[in-house]
Amino acid sequence: MYKKQMKLQRLLCLALLIVCALVFVYSLGIMTDLYDSLYGTFRRGKATVAGAEVYMDMQGFNRSFLHAAIGMILLCVVLYLTNTHSRRKYYFGNYFSVGLFAAGSLLVSIWGHLQIEAYKAQFLGINFDELRDFATKRKTLYTESTFWFDIHYLVFGLLLIGAVLLILNVVWKRKLMKEEQQLIQQGGGAAA
């Protein structure tokens with residue numbers, strides 16, 4: 001049973017590293033369409049299209065989100081530093097790193113979801129007729145797509161699923177460690 005659990009925990013830690021990298025890539029890509037379609041609408045710091053201010057308003061969030069994504073990668077690296085991916089028995093450091101990663105995943109997901117939904121609502125308040133005219137005249141990208149706002153459900157969902165699986169792995173590990181300890185105690189009593 002330990003072999004299956006050890007294999008699963010290795011795969012889980014690798015999958016979490018990939019998911020954290022996905023969060024990082026998402027933090028880089030969330031502003032892509034906004035930049036291509038809205039950046040050109042600014043002249044002397046003012047938007048020439050009503051509602052295009054969402055691009056400038058999101059700059060601070062995007063910077064913080066990028067830092068949070070890097071933080072999640074570092075929390076995942078802590079799982080590797082404490083040998084959570086390969087340790088047969090867990091110690092305090094393993095429990096601490098799992099708890100830290102799970103808490104970080106939850107906080108980043110909730111904070112990111114609330115922020116992204118607010119900016120999505122602001123984006124949908126753009127005067128798209130003005131933006132279409134601007135894009136036609138200036139030959140810039142015109143989009144009403146909320147893809148980069150909506151994809152956060154998948155990204156944060158994967159992050160939360162990974163955190164839950166990591167916690168379930170700890171529960172399974174504790175159960176196996178307890179069973180192993182009982183077997184050792186039974187064997188020691190029989191030998192005496």
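**Reading the chain**

Mentor: Begin with the parts. The protein chain has seven helices and two strands. Helices (H or I, at least four residues) and strands (E, at least two) are DSSP runs, numbered from the N terminus. This is a predicted model, where local features need pLDDT of at least 70, side-chain atom pairs count only at pLDDT 80 or more, and totals for chains, interfaces and linings use all residues. Residues are numbered from 1 along each chain as its sequence is written, and side-chain values use heavy atoms, with hydrogens and water left out.

Trainee: Which pattern does the protein chain follow along the sequence?

Mentor: Reading along, you get α-α-β-β-α-α-α-α-α.

Trainee: What radius of gyration does the protein chain have?

Mentor: The radius of gyration is taken over C-alpha atoms, and the globule rule is 2.2 Å times the number of residues to the power 0.38. For a compact globule of 192 residues, that would be near 16 Å, but the protein chain has 23 Å. Now look at the box. Along the principal axes, the C-alpha atoms fill roughly 90 × 25 × 20 Å.

Trainee: Is valine 164 buried or partly exposed?

Mentor: Valine 164 has a relative accessible area of 48%, so it is partly exposed. Find valine 164 in helix α7 (residues 152-191). Then find tyrosine 80. Valine 164 and tyrosine 80 are 84 residues apart in sequence and 18 Å apart in space, C-alpha to C-alpha.

Trainee: What about contacts?

Mentor: Contact means heavy atoms within 4.5 Å. Take the contacts in the protein chain with a separation of 6 or more: 81% are between residues 24 or more positions apart.

Trainee: Now charges. How many salt bridges does the structure hold?

Mentor: Side chains of opposite charge can pair when their charged atoms come close. A salt bridge is a side-chain nitrogen of Lys or Arg within 4 Å of a carboxyl oxygen of Asp or Glu. The structure holds four.

Trainee: Which residue forms a salt bridge with aspartate 150?

Mentor: Lysine 120 does, with the closest N and O atoms 2.6 Å apart. This pair links distant parts of the chain: aspartate 150 sits in helix α6 (residues 147-150) and lysine 120 in helix α4 (residues 92-123), 30 residues apart. Aspartate 150 is partly exposed at 29% relative accessibility, whereas lysine 120 is buried at 17%.

Trainee: How far apart are the closest N and O atoms of aspartate 129 and arginine 132?

Mentor: They are 3.1 Å apart, in a salt bridge. Aspartate 129 and arginine 132 are three residues apart in helix α5 (residues 128-138), so about one helical turn separates them. Aspartate 129 is partly exposed at 49%. Arginine 132 is partly exposed at 35%.

Trainee: Where do lysine 175 and glutamate 179 lie?

Mentor: Both lie in helix α7, four residues apart, about one turn of the helix. Lysine 175 is exposed, with a relative accessible area of 52%. Glutamate 179 counts as partly exposed at 35%. Elsewhere, salt bridges that share partners join Asp129, Arg132 and Glu144 into one network.

Conventions
Buried means under 20% relative accessible area, exposed over 50%, partly exposed in between (1.4 Å probe, protein chains only).
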